[in-house]
Amino acid sequence: MIVVFGSVNIDLVSKVERFPHPGETIAGADHVVAAGGKGANQALAARRMGAEVAFIGAVGTDSFADLALAHLHADGVHLDHVVTVDGVTGTAFITVDAVGENQIVLSPGANAHVRASALEDVVAGPGDSLIVQGEVSMTETEKALVWAKGRGLTRIFNLAPARPVSARLLSLVDILIVNEEELRQVAQRSGVHGGASDVVEKLAADLGLGVVVTLGAQGAIAHVEGQAARCPGFPVDPVDTTGAGDAFVGAFAAALDAGLRLEIAVRQGCAAGALACLKQGAQPSLPTRAAVDAFLDKQELV
């Protein structure tokens with residue numbers, strides 16, 4: 001089983017030809033309202049890849065709460081430990097430009113009230129995994145990692161969005177997943193220099209944990225427990241890159257949860273990330289296991 005401790009949001013998405021300059025107003029397309037949040041996205045991504053998933057998070061008392069959890073509920077993610085707090089559900093304001101790149105402003109809302117104490121009633125142990133991210137309190141995230149370590153879970157930390165984290169928190173992590181910018185920031189704080197592949201290997205050795213970096217269209221590189229793996233990526237014409245990183249994390253974690261080799265986990269993660277770029281919105285774009293398998297089968301024929 002995979003336990004995901006993190007955020008759930010409503011995404012308000014508008015497409016624009018280009019991003020506005022400071023002080024500038026530009027016209028966008030009609031906005032789309034969709035469920036999101038890195039924690040919820042990763043939980044759904046892992047579930048759609050076939051994993052048993054429990055999500056720990058919080059929603060508000062507003063009209064967005066049910067919508068924020070709708071996909072998770074429909075796909076069978078366990079939601080027994082999601083709490084409702086007075087106030088608003090977390091919201092992300094997202095603009096997507098003509099080439100599929102995005103800019104995001106987060107309003108945390110109920111995500112500020114996610115507490116690790118909600119994990120105490122979760123039944124999990126060796127062979128299970130915990131996924132955490134950077135969109136809820138780092139203090140509570142550290143407590144969640146302590147909880148998971150005490151029960152023998154594999155602990156996966158997606159440091160997104162990038163933010164400073166303590167050495168103690170990193171010492172509780174088994175696998176760190178970052179994108180290129182997040183890798184640069186972690187490497188800079190750790191005094192590590194070089195190309196992405198060298199930095200991943202050096203950080204893995206220096207920090208004593210597995211490191212995976214996603215490189216967008218260029219794929220991903222991983223160095224975990226002395227094993228190295230690389231996927232060169234899959235060319236697609238992106239519609240919206242929102243949720244692509246979460247698709248990778250969920251699919252990668254689901255593959256490890258199923259006992260698959262590191263190289264296969266990275267490849268499935270990259271395929272899920274590529275497919276997530278083909279639809280607008282985070283959760284609506286997350287692919288199923290069948291879609292990922294069909295996509296990879298097609299790549300073998302190219």
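Modeller: Ile131 stands opposite Ile156 in β10. The model is a predicted one, in which local features need pLDDT of at least 70 and side-chain atom pairs count only at pLDDT 80 or more, while totals for chains, interfaces and linings use all residues. Residues are numbered from 1 along each chain as its sequence is written, and side-chain values use heavy atoms, with hydrogens and water left out. Helices (DSSP runs of H or I, at least four residues) and strands (runs of E, at least two) are numbered from the N terminus.

Strand β9, residues 129–132, pairs with β10 in the parallel sense over four bridges; two strands count as paired if DSSP finds at least two bridges between them. Together with helix α3 (residues 138–150), β9 and β10 make a right-handed β-α-β unit. The crossover is called right-handed if, with the strands pointing away from the viewer, the path from the first strand over the helix to the second runs clockwise. Strand β10 also pairs with β11 (residues 175–179), again in the parallel sense, over three bridges. In that pairing Ile156 stands opposite Ile175. Because four of the five residues of β10 (residues 154–158) are buried, the strand is largely enclosed by the rest of the structure. Buried means under 20% relative accessible area, exposed over 50%, and partly exposed in between, with a 1.4 Å probe and protein chains only.

The loop between β10 and α4 (167–171) holds Pro161. The peptide bond from Ala160 to Pro161 is cis, with omega near -5°.

Thr154 and Ile175 are among the residues nearest the centre of the second largest pocket, together with Val224, Glu225 and Leu256. A pocket is found on a 1 Å grid over the protein atoms alone: it is an open set of points with protein on both sides within 12 Å along at least five of seven lines, where a 1.4 Å probe fits, and lining residues have an atom within 4 Å of a point. The second largest pocket holds about 280 Å³, a volume being the space filled by probe spheres set on grid points joined across faces, edges and corners. Its lining of 13 residues divides into six nonpolar, four polar and three charged. Here Ala, Val, Leu, Ile, Met, Phe, Trp, Tyr, Cys and Pro count as nonpolar, Asp, Glu, Lys and Arg as charged, and the others, Gly among them, as polar.

Glu225 belongs to the loop between β13 (220–224) and β14. Its phi is near 50°, a positive value in a residue other than glycine. Most residues other than glycine have a negative phi, and most peptide bonds are trans. With a relative accessible area of 75%, Glu225 is exposed.

Strand β11 leads on to the largest pocket, as one of the elements that give two or more residues to its lining. That pocket has a volume of about 1,200 Å³ and is lined by 47 residues, with Asn102, Asn179, Thr241, Ala244 and Gly245 nearest its centre. Its lining comprises 23 nonpolar, 16 polar and eight charged residues.

Among the other contributors to this lining are β2 (9–15), β7 (90–96) and α7 (244–257). Strand β2 is mostly covered, with five of its seven residues buried. Seven bridges join β2 to β7 in parallel, and Leu12 stands opposite Phe93 there. On its pairing with β3 (residues 32–36), β2 runs antiparallel over five bridges, with Leu12 opposite Val33.

Helix α7 carries both Phe248 and Phe252, four residues apart, about one turn of the helix. These two form a stacked aromatic pair, 5.7 Å centre to centre and with 10° between the planes. Rings of Phe, Tyr and Trp (its six-membered ring) pair if their centres lie within 6.5 Å; planes under 30 degrees apart count as stacked, over 60 as edge-to-face and the rest as tilted.
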